[in-house]
Amino acid sequence: MKKSYYQRLAGLGILLIILFAFQKYRSKEKEDFSDVHFITNNSTILKLAEFDPNELDEKQWQNLGFTERQIATILNYKKIVGGKFLSKEQFKKCFAISGEKFSELEPYILLPENNSEAKFTHFKNFEKKSITVSGKFNPDLYTANDWIRMGFSERQAEAIIKYKSYLGGSFVSKEKFKECFIINKENFEKINPYLILPEKTPANYNKYAKNLNNTKIQYHVFDPNTSTLEDWKSLGFSDKQAQTIVNYRDRNLRGSFKSIEDIQKCFVISTEKFEEIKSFIRLNPATMANNGNPKAETKQQEKTDFSKIDLNSITFKQLLEFGFDEKAAGSMIGFRKKLGGFINKEQILTTYNIDPELTKKLLSVAQLNTSNVPKYTLLDAPEEWLKNHPYFKYSADKIIFYRLSEKDEKKIWKLLKTKPEYEARMKLYLK
């Protein structure tokens with residue numbers, strides 16, 4: 001009996017030794033990933049746009065912030081799963097992609113959420129669109145809608161336009177055009193024969209881009225105090241520059257340029273640009289607030305009855321009159337514009353750069369009319385509105401995605417999994 005027991009025990013021991021030896025042998029065959037480092041937050045700001053991970057080459061993975069070793073791991077993993085990522089869920093399982101990195105990329109990935117959803121026909125919209133070019137064209141003249149008609153997504157089209165602005169308003173050359181991240185090698189090869197651009201970038205391309213823009217400008221006599229955003233843009237300023245000039249005039253100078261020197265002091269107007277437009281400037285005294293005249297100033301500053309003022313229409317000058325500084329007044333007007341209007345007075349207290357006590361004093365006096373504030377449902381809210389609204393923009397892509405297949409708003413809220421306080425804030429602007 002004892003002999004039989006010890007024989008079984010010895011057999012079990014031999015079996016364990018064989019298993020340990022086999023495991024050690026197999027572990028040698030496995031690839032050593034000890035030097036693979038997960039991507040964490042870094043100082044590099046990535047310019048992201050929609051992409052299909054199945055279409056990226058090594059250079060494009062590098063542009064997303066991955067190391068060579070991580071890229072090799074991702075490409076090997078893609079082979080293991082059948083040569084193609086079917087869903088975001090599958091893509092996330094690649095251990096070279098950290099949770100933080102996946103969260104950063106997830107809104108831009110053109111894949112369904114999971115493998116089961118990938119089987120449904122209504123997710124065909126995640127497939128890569130085919131790029132079609134009808135004939136030769138100058139990409140400098142293309143709008144976002146032109147790029148969308150070519151086959152790019154709305155977000156990709158916006159990225160192309162932003163890239164052009166970054167270059168100074170012109171793609172300059174085919175070489176520079178190719179460097180646009182969201183235009184992959186395959187699409188560039190399709191578009192390249194039709195581009196009306198030089199092959200190579202000129203050595204002095206910054207000057208070249210500036211001159212290219214200037215040739216399109218036809219200067220005319222103008223009054224800078226009545227010039228709108230579009231008027232400044234017609235003089236060759238970018239959207240951002242034009243907005244800065246208007247803000248400088250309306251906020252810093254309280255509504256008007258008093259002299260030619262005031263215009264010259266605006267930091268976005270270079271010395272060269274000022275010399276170009278100087279001879280066309282006509283300052284009409286009638287448009288100059290006060291014009292340095294103390295009597296005009298006292299006449300203009302008639303006291304406002306703030307009990308009759310609506311907080312959704314109060315002006316920058318009225319806020320200054322109440323006692324706010326320019327920074328606080330600008331913040332309040334800007335926040336209101338982004339929201340589309342305030343729904344309750346508590347929102348105003350969350351504005352940056354304001355004096356809480358002075359704000360409470362204003363709230364106790366002024367009225368709040370919310371009748372003109374736009375409201376939507378989750379199902380009919382415009383995509384642009386969702387992406388730009390401060391309360392919705394971080395959930396916009398998920399809302400747009402989930403409402404493709406789900407028409408019950410309660411179910412969409414469950415899928416969004418937002419914090420209760422964020423949900424309550426969003427519902428202020430929903431019907």
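Buried means under 20% relative accessible area, exposed means over 50%, and partly exposed lies in between (1.4 Å probe, protein chains only). The model is predicted: local features need pLDDT of at least 70, side-chain atom pairs count only at pLDDT 80 or more, and totals for chains, interfaces and linings use all residues. Residues are numbered from 1 along each chain as its sequence is written, and side-chain values use heavy atoms, with hydrogens and water left out.

**View 1. Lys 308 pairs with Asp 305 in a salt bridge.** A salt bridge is a side-chain nitrogen of Lys or Arg within 4 Å of a carboxyl oxygen of Asp or Glu. Here the closest N and O atoms are 4.0 Å apart. Asp 305 is partly exposed, at 38% relative accessibility. Lys 308 is exposed, at 66%. By the salt-bridge rule, the count comes to 10.

**View 2. Lys 176 forms a salt bridge with Glu 179.** The closest N and O atoms are 3.6 Å apart. Lys 176 counts as buried, with 15% relative accessibility. Glu 179 is partly exposed, with a relative accessible area of 48%.

**View 3. A salt bridge joins Lys 273 and Glu 276 within helix α15.** Helices are DSSP runs (H or I, at least four residues), numbered from the N terminus. Helix α15 covers residues 271-277. The two partners are 3 residues apart, about one turn of the helix. Lys 273 is buried, at 9% relative accessibility. Glu 276 is partly exposed, at 30%.

**View 4. Four Glu residues gather in a patch of negative charge on the surface.** They are Glu 154, Glu 158, Glu 383 and Glu 384. Patch residues have over 30% relative accessible area and no salt bridge, and like charges are joined within 9 Å. Asp and Glu count as negative, and the place of a Glu charge is taken as CD. Helices α8 (154-166) and α21 (383-388) each supply at least two residues of the patch. Glu 154 lies in α8. Its relative accessibility is 35%, so Glu 154 counts as partly exposed.

**View 5. Helix α23 has buried residues and, turned away from them, exposed ones.** This helix spans residues 409-416, and its buried residues are Ile 412, Trp 413 and Leu 416. Seen down the axis, they fall within an arc of 100°, so they line one face of the helix. The arc is that of the directions from the helix axis to the C-beta atoms. Lys 410 and Lys 414 are exposed on the face turned away from the buried side.

How values were computed: Patch = residues over 30% accessible without salt bridge, like charges linked within 9 Å, V, L, I, M, F, W, Y side chains within 5 Å. Areas by Shrake-Rupley, 256 points an atom, 1.4 Å probe, with all protein chains shown as cover.
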